[in-house]
Amino acid sequence: MVDLSSDLGFIKLKNPVITASGTFGYAEEFQDFFNLDILGAFVLKGIYKDPKPGNSPPRIHETASGLLNSIGLPGPGAKELQKIVKKIHKLTKTPIIINVCGDTDEEYIEVAEIFDKMDEVTMLELNISCPNIKMGGKCPAQDEKHTYKLVNQIKHITSKPLIVKLSPNVNDISSIAISAEEGGADCISLVNTFLGMAVDLDSKKPVFKNLFAGLSGPAIKPLALKLIWEVVQSVHIPVIGIGGIFSGKDVLEFILTGASAVQIGTINIVEPSASVRIIKEIEDIMIKSNIKSLDEIKGKLKI
Ligand code: RRO
């Protein structure tokens with residue numbers, strides 16, 4: 001009755017709900033909760049070239065309306081992930097997005113090259129915004145020139161659509177988004193987590209060994225919406241909104257602000273089958289409000 005499809009230009013998704021990297025494992029873990037075919041797309045946990053153990057515990061810490069994480073990107077390495085991707089592709093035809101990571105530009109390029117060759121992979125998401133590396137969470141997405149250079153290098157070696165995932169931990173997110181667009185990004189996703197910290201009164205120590213950690217969940221939704229609004233005004237490529245989405249109403253608010261699609265993250269940890277509920281809620285609200293397609297409200301915020 002209503003058209004839930006989300007047109008990113010380079011691909012049309014059946015609906016705007018994409019599960020976010022790091023909150024959806026390697027997808028196969030979720031098939032006991034719901035049929036993966038229902039999703040618009042899913043992003044796998046970020047991957048480096050070689051296996052990594054990740055940070056030592058604690059890795060997560062609950063806050064009022066949010067979750068702090070310092071996972072530190074554990075993973076099996078690109079070779080092993082290739083095998084997993086082949087397995088997932090047999091389970092579902094939902095588009096698979098690889099979240100590409102690297103400690104150096106060379107490593108980002110190597111990882112992108114590996115997954116560019118796989119027909120099972122639909123898109124790459126360049127994670128230039130991981131907050132949990134050492135050095136106080138510095139990452140390429142905090143520097144315009146680095147963003148441009150890295151995105152441009154990756155764009156030259158891949159034929160897949162390239163999503164660039166931005167960090168909210170910057171002074172001027174629009175200039176970073178413009179650098180990514182000029183570098184050749186096909187799409188921007190934002191936001192990764194906000195840097196925060198937690199302290200333990202008993203031990204008088206910080207909760208996390210790296211001191212800082214990434215905050216996600218409903219606490220960041222208003223902050224994310226503001227940054228998404230700014231980026232939508234600044235670039236001509238589609239934007240995928242991320243930040244504390246827990247309901248279908250949240251999704252439609254992000255679309256109204258100008259996002260073409262969304263990623264849902266923390267809710268997957270709280271409620272593994274949340275995607276099913278959220279997609280149904282979007283449909284119900286659209287029917288009730290006589291919204292026939294997402295395009296009808298996309299970016300139509302009255303200022
Ligand atoms: O693994 C992590 O600690 C992590 C990553 Br790669 C990221 O991009 N965002 C986040 O909050 N945590």
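Analyst: What follows starts with the salt bridges and then turns to the backbone, the surface and the pocket. The model is predicted.

Start with the whole structure. A search of it finds 13 salt bridges.

Take Lys221 and Glu253. They form a salt bridge, and their closest N and O atoms are 2.6 Å apart. This pair links distant parts of the chain. Lys221 sits in helix H6, residues 221-234. Glu253 sits in helix H7, residues 248-257. How covered is each partner? Lys221 has a relative accessible area of 15%, so it is buried, since buried means under 20%. Glu253 has 23% relative accessibility, so it counts as partly exposed. The pair also belongs to a wider group. Lys221, Lys249, Asp250 and Glu253 are linked in a network of salt bridges.

Helix H6 holds another pair. Lys226 forms a salt bridge with Glu230, with the closest N and O atoms 2.8 Å apart. Both residues lie in helix H6, four residues apart, or about one turn of the helix. Lys226 is partly exposed, at a relative accessible area of 48%. Glu230 is also counted as partly exposed, at 24%.

Next, helix H9, residues 274-288. Here the side chains of Asp284 and Lys280 meet in a salt bridge, 3.0 Å from N to O. These two residues are four apart in the helix, about one turn. Asp284 is partly exposed, with a relative accessible area of 36%. Lys280 is partly exposed too, with 47%. In general, side chains of opposite charge can pair when their charged atoms come close.

Now the backbone. Two cis peptide bonds deserve a check. One runs from Pro57 to Pro58, with omega near 0°. Pro58 is in the loop between strand E4 (41-43) and strand E5 (60-63). The other joins Leu190 and Val191, with omega about 15°. Val191 is in the loop between strand E10 (187-190) and strand E11 (194-197).

Positive phi values come next. Ser65 is a residue other than glycine, and its phi is near 60°. Ser65 is found in the loop between E5 and E6. Leu211 is likewise not a glycine, and its phi is near 70°. Leu211 is placed in the loop between strand E13 (205-206) and E14.

Met197, Val199, Leu211 and Phe212 make a nonpolar surface patch of about 350 Å². Phe212 lies in strand E14, residues 212-216. Why can Leu211 and Phe212 take part? Leu211 has a relative accessible area of 33%, and Phe212 has 32%. Patches are made of residues with over 30% relative accessible area and no salt bridge, so both values clear the area cut-off.

Last, the largest pocket. Its volume is about 550 Å³. The lining of this pocket has 34 residues. Ser21, Gly22, Thr23, Asn69 and Thr193 lie nearest the centre. Strand E6 (66-69), strand E16 (261-264) and helix H8 (266-270) are the elements that give two or more residues to the lining. By class, the lining has 14 nonpolar, 17 polar and three charged residues.

Conventions: Residues numbered from 1 in each chain as written. Predicted model: local features only at pLDDT ≥ 70, side-chain atom pairs only at ≥ 80, totals over all residues. Heavy atoms only, no water. Patch = residues over 30% accessible without salt bridge, like charges linked within 9 Å, V, L, I, M, F, W, Y side chains within 5 Å. Areas by Shrake-Rupley, 256 points an atom, 1.4 Å probe, with all protein chains shown as cover. Salt bridge = Lys/Arg side-chain N within 4 Å of Asp/Glu carboxyl O. Buried < 20%, exposed > 50% of the residue type's maximum accessible area, 1.4 Å probe, protein only. 1 Å grid on protein atoms, 1.4 Å probe; cavity = no way out; pocket = protein on both sides within 12 Å on 5 of 7 lines; lining within 4 Å. Points joined across faces, edges and corners; volume = space filled by probe spheres on them. Nonpolar A, V, L, I, M, F, W, Y, C, P; charged D, E, K, R; others polar.
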